[in-house]
Amino acid sequence: MSNPDNSPLASAHHEEEDTPAVSSPKVGFLPIETNWFDRLFISVVIWVALSLFWFRFVEPLGLSIWISNAIALALAVLIITKG
């Protein structure tokens, strides 16, 4: 035990130096750190809010809800891939 290179802690320390560093998280335009499920959840919340807004204010003007769904889908793809 007098040799510090033979101790178990010393060998564990050398193994840690050999492992690669963990890569930094993906940086997107969202101001929070997210994974793919968080971005999916944000997209669903935006879809629901946009649909409710569309039903209340835009659909009485004659525009179909399918336009709102297409906008929400485009936003979801953007948020999930780039967010």
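This is a predicted model: local features need pLDDT of at least 70, side-chain atom pairs count only at pLDDT 80 or more; totals for chains, interfaces and linings use all residues.

Begin by selecting Thr34, which sits in the loop between helix 1 (8-18) and helix 2. Is Thr34 buried or exposed? With a relative accessible area of 16%, which falls under the 20% cut-off, Thr34 counts as buried. Show its surroundings, leaving aside residues up to four places away in sequence, and you will find that Thr34 touches Arg39 and Gly83; with Arg39 there is a polar contact of 3.2 Å between the side chains.

Next, select residues 65-82, which form helix 3. At its start, a side-chain oxygen of Ser64 comes to within 3.2 Å of the backbone nitrogen of Trp66.

Now colour the buried residues of helix 3, namely Ile65, Ser68, Ala72, Ala76 and Ile79. Because they cover an arc of only 75 degrees around the axis, they lie on the same side of helix 3. Helix 2 (36-58) is included in what covers them, whereas Trp66, Leu73 and Lys82 are exposed on the other side of helix 3.

Finally, select residues 40-57 and 63-81, where an unreviewed UniProt entry places the feature "transmembrane region". Residues 40-57 are 100% helix and 0% strand, with end C-alpha atoms 26 Å apart, while residues 63-81 are 89% helix and 0% strand, with end C-alpha atoms 28 Å apart.

Terms used: Residues are numbered from 1 along each chain as its sequence is written. Side-chain values use heavy atoms; hydrogens and water are left out. Helices (H or I, at least four residues) and strands (E, at least two) are DSSP runs, numbered from the N terminus. The expected span of a helix is 1.5 Å times one less than its number of residues. Buried means under 20% relative accessible area, exposed over 50%, partly exposed in between (1.4 Å probe, protein chains only). The arc is that of the directions from the helix axis to the C-beta atoms. Contact means heavy atoms within 4.5 Å. A polar contact is a pair of N or O atoms within 3.5 Å; within protein, one must be able to donate a hydrogen and the other to accept it, and residues adjacent in sequence count only if both atoms are side-chain atoms. UniProt positions are given in the numbering used here, feature names are shortened, and annotations may be inferred rather than shown by experiment.
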